[in-house]
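Here is a short briefing on one chain. Have the sequence and the structure open as you read.

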Amino acid sequence: MSRSVLQPSQQKLAEKLTILNDRGVGMLTRLYNIKKACGDPKAKPSYLIDKNLESAVKFIVRKFPAVETRNNNLAQLQKEKSEILKNLALYYFTFVDVMEFKDHVCELLNTIDVCQVFFDITVNFDLTKNYLDLIITYTTLMILLSRIEERKAIIGLYNYAHEMTHGASDREYPRLGQMIVDYENPLKKMMEEFVPHSKSLSDALISLQMVYPRRNLSADQWRNAQLLSLISAPSTMLNPAQSDTMPCEYLSLDAMEKWIIFGFILCHGILNSDATALNLWKLALQSSSCLALFRDEVFHIHKAAEDLFVNIRGYNKRINDIRECKEAAVSHAGSMHRERRKFLRSALKELATVLSDQPGLLGPKALFVFMALSFARDEIIWLLRHADNMPKKSADDFIDKHIAELIFYMEELRAHVRKYGPVMQRYYVQYLSGFDAVVLNELVQNLSVCPEDESIIMSSFVNTMTSLSVKQVEDGEVFDFRGMRLDWFRLQAYTSVSKASLGLADHRELGKMMNTIIFHTKMVDSLVEMLVETSDLSIFCFYSRAFEKMFQQCLELPSQSRYSIAFPLLCTHFMSCTHELCPEERHHIGDRSLSLCNMFLDEMAKQARNLITDICTEQCTLSDQLLPKHCAKTISQAVNKKSKKQTGKKGEPEREKPGVESMRKNRLVVTNLDKLHTALSELCFSINYVPNMVVWEHTFTPREYLTSHLEIRFTKSIVGMTMYNQATQEIAKPSELLTSVRAYMTVLQSIENYVQIDITRVFNNVLLQQTQHLDSHGEPTITSLYTNWYLETLLRQVSNGHIAYFPAMKAFVNLPTENELTFNAEEYSDISEMRALSELLGPYGMKFLSESLMWHISSQVAELKKLVVENVEVLTQMRTSFDKPDQMAALFKRLSSVDSVAMNVYELSSAAGLPCEIDPALVVALSSQKSENISPEEEYKIACLLMVFVAVSLPTLASNVMSQYSPAIEGHCNNIHCLAKAINQIAAALFTIHKGSIEDRLKEFLALASSSLLKIGQETDKTTTRNRESVYLLLDMIVQESPFLTMDLLESCFPYVLLRNAYHAVYKQSVTSSA
């Protein structure tokens, strides 16, 4: 679209504004990072804090920008010149880039003045906005540059190093040094610089006279106008939201205030001559106390403006205006913005609710969505900025405990736009082709003057829109209207210069129509960019402390915890604040977004876990009330009542029965459990809100955080509920632990009603680990705790004779002793407790318990084998002399440690294992004890002699006072009745290992045992034969337990009449004792 003669309109204003604005943001990003690096001792260039260079740096700064290389202070600099050149180049050339950017901006501003460009935000929106943005970017850049305290040191150091290396200063240094000096007070310098630009700048600013006041209204005015409400006028709900100034409706209030305040500082003369300008200026000064320069860098407007105007003659009125506005801002701005946030919370909630139910309304009411997002974004940024920069006395207006709710509804609206993008595309594709194209065509046809180039551009607009169809949306075609939007920007520049053939100032309707069309095109191809433009909150990345504080407040307030997911979702915004001119910060900002997102999700999961734990504790307490042990008192009261016995004091309160807590007489009474469930449901709503979120190409799944924490807490709770005390050796009964675990699991299962997590997976992971000796963290499990307790505590007391196994009760029972035990063995070893234990430990846990028990038994067998080796010669002779009583008696006297053999064997009574002929666990345990230095034949011989030793040791049990048989318990008081099972199982295991005949060895054992026991029938010493009859019964028990021995075989060795008489004697003695 070239013209034959170069016109001012061909200065490529649109292109230059676009490029310079983008480059300006990049330069701001680089300067910001330099400032932060210089303010951080860890990141600061080492040359600025090097003690050896301290004097050189001071000299350079003092002489700046002059260069004097012949100075003693610079000697150290000579040594490090190459390193300085290398390491400070990035900093130095960033400052050079700033200078070049300044040159380009000044050149463009001069061109705009020469062209006498017409500016009106309501007509040529893009041109005016980009012009004002460029001025603010330029101003901000120079202010930020002046805030880098080390700028002279960095530039000077680099230049001196360059001088020493190349013999001359860097070619950019003279201009750069002068710029640094000139802009010591940047605004003062720029006020002088902008005198020629005052006309253009003031025209652009005054065009905000309708837009800015309309945006800067109070919450009551918004409420009265029913702003953002879709349901206030049901009859117009389907009508498209229209405005003559579409892009101005969602224009950032923060940006407008920066334009007005900085703009009127730069062209301050207009404030004295134009009431409209003064009103805009005062309104902006009353709304804020500080402005965001860039990210978390702020500008205190009242003090800065007063300092600038105080030295200008005749500006006393303006200074008074500033002071009055400052008072108004301090007194009223906080409450005004607080009420706005309160209104926006309800307005956005209504909007999000209606749109989630009727997403089709996103088409006609898209403008409302972006207005709502922009308004809320401005209020949140205002609060964030002022919370750190306001006097403490008015702090209440700057602490908003409900900010999470507002952010949450913003995220909900953003989610609707992303989800229903195709709905919006369908609507606006039809709007552009069916309405906009027709209206624009009519406008173009009715233009009195329309030069060829402008006509071609506008015809291309009409053709582009007319060619659109819904089928393109259905086919998933990618739309791109960027070229059309750039052409409109160019056309604005062409038609806004003075002496333009087609002046946009004279055809305002065309400008307004095109602005509307541009908005419609963005609804088709730039929804993501629109979301960033209107609702980007990446600024939170630079207010980490305030961000975390807001999150903590949100979690602490039960009514707000359901909105806590908003904080991790905000972390997805962070990468949008990065710029391609400063790629080195991407990694830093990405890491910060990941760490904050991880921390927020982790804290939410912890809070939910703690609530669940509290509920579980309450439910376990309620479940505990139903345990059988608590019913004794109730039964006792019932019995006494029936027998009309008066027990206890009068007026004694009746004990509350379990379940009374569920009886409600008043709906308003809220129990602790109610509060916990409410808090949990609110928090779980947040955790369940999104299945996952992507932060810097990392996917986070909130539910997995909860699952992980539940697994860890469930593991700790199960172990904790055993109440194991190593000092006192106390532990919970298995049945009670099982009841508590079931109650815990019931609560955890109910979590599936709140959050879509697989709680069965949690159970499988945790309970399976509890069946092992150690869990995945190397911590002890209930398997290891109970195994240790049963082996080290219960069985040790069995060995000590304080506990006996009662076959009649199928349980271990405490025996009367001088020192009472701290636990009742029966309560830990009866059938119900064993069933509970096996259910808790599972097959793997019971296998571990069995193996540990077998290891204990095998160590006892090893001790017995040592005794056999000591007596091997005597036992060999006894093995073949069982039918020679005199010889047996003589050999018996030669045996050593006979008592130890009998005691060790009956300690093995727990080796029962599975009810099978040969216990496989015992076989494994004993086979692992084979000695390397002994041949298999010798091992077999020792096993045979072990059985002999046990057989000939049985008579010694008769002298033990505790060996008496009790019919009531169907066993002996000192557990020797367990010998029957122990002997059979050990024999079966030993001779399975050595591949001998179990039956033959047991027959041999029976012959030796019978011979030995018949011998004590002839003894006359009452002490030796004290419990002779009770010991006789062992033979019967051994045969009864054995699958290899028969009563016929016993009869051949030991007369049955003796057994019958023995039973008669022990039962008679039992009756006598009872009487």
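In which loop does Glu697 lie? Glu697 sits in the loop between strand S3 (693-695) and strand S4 (698-700). Its phi is positive, about 65 degrees, although Glu697 is not a glycine. Note that this is a predicted model. The points below go from domain layout to local geometry.

**Domains and their interface**

- The chain is divided into three parts: domain 1 (8-184), domain 2 (422-526) and domain 3 (854-1073).
- The centres of domain 1 and domain 2, taken over C-alpha atoms, are 40 Å apart.
- Contact between these two domains involves 19 residues of domain 1 and 15 residues of domain 2.
- Together, domain 1 and domain 2 bury about 1600 Å². Carbon and sulfur atoms account for 60% of that area.
- The interface of domain 1 and domain 2 holds 9 residue pairs in polar contact, with both residues at pLDDT 80 or more.
- On the domain 1 side that touches domain 2, the elements giving two or more residues are helix H1 (13-39) and helix H5 (125-146).
- H1 gives the most to this side of domain 1, with 5 residues.
- By residue type, the side of domain 1 that touches domain 2 has 9 nonpolar, 7 polar and 3 charged residues.

**Salt bridges**

- The structure as a whole holds 57 salt bridges.
- Across the interface of domain 1 and domain 2 there are 2 salt bridges.
- Asp120 pairs with Arg508 in a salt bridge. The closest N and O atoms of Asp120 and Arg508 are 2.6 Å apart.
- Glu306 and Arg323 also form a salt bridge through their side chains, at 2.8 Å from N to O.
- Why does the pair of Glu306 and Arg323 tie together parts that are apart in sequence? Glu306 lies in helix H15 (residues 301-309) and Arg323 lies in helix H16 (residues 316-357), so the pair links parts 17 residues apart in sequence.

- Strand S1 (residues 290-294) and strand S2 (residues 297-300) run antiparallel. They are joined by 4 bridges.
- Phe294 stands opposite Glu297, which belongs to S2.
- The hairpin of S1 and S2 has 2 residues between the strands. Arg295, in the turn, has a positive phi of about 55 degrees.

- Strand S5 (residues 803-806) and strand S6 (residues 811-814) are antiparallel, with 4 bridges joining them.
- Ala811 in S6 is the bridge partner of Phe806.
- Ala804 stands opposite Val813, again in S6.
- In the hairpin of S5 and S6, 4 residues lie between the strands. Lys810 has a positive phi there, near 50 degrees.
- In a regular strand, side chains alternate between the two faces of the sheet.

**A cis peptide bond**

- Which form does the peptide bond from Phe64 to Pro65 take, cis or trans? The bond is cis, with omega near 5 degrees.
- Pro65 is in the loop between helix H2 (54-63) and helix H3 (75-79).

Note on methods:
Residues numbered from 1 in each chain as written. Predicted model: local features only at pLDDT ≥ 70, side-chain atom pairs only at ≥ 80, totals over all residues. Heavy atoms only, no water. Pairing = 2+ DSSP bridges. Domains from an automatic or database assignment. Contact = heavy atoms within 4.5 Å. Buried area = accessible area lost by both parts, 1.4 Å probe. Salt bridge = Lys/Arg side-chain N within 4 Å of Asp/Glu carboxyl O. Polar contact = N/O pair within 3.5 Å; in protein donor to acceptor, adjacent residues only side chain to side chain. Nonpolar A, V, L, I, M, F, W, Y, C, P; charged D, E, K, R; others polar.
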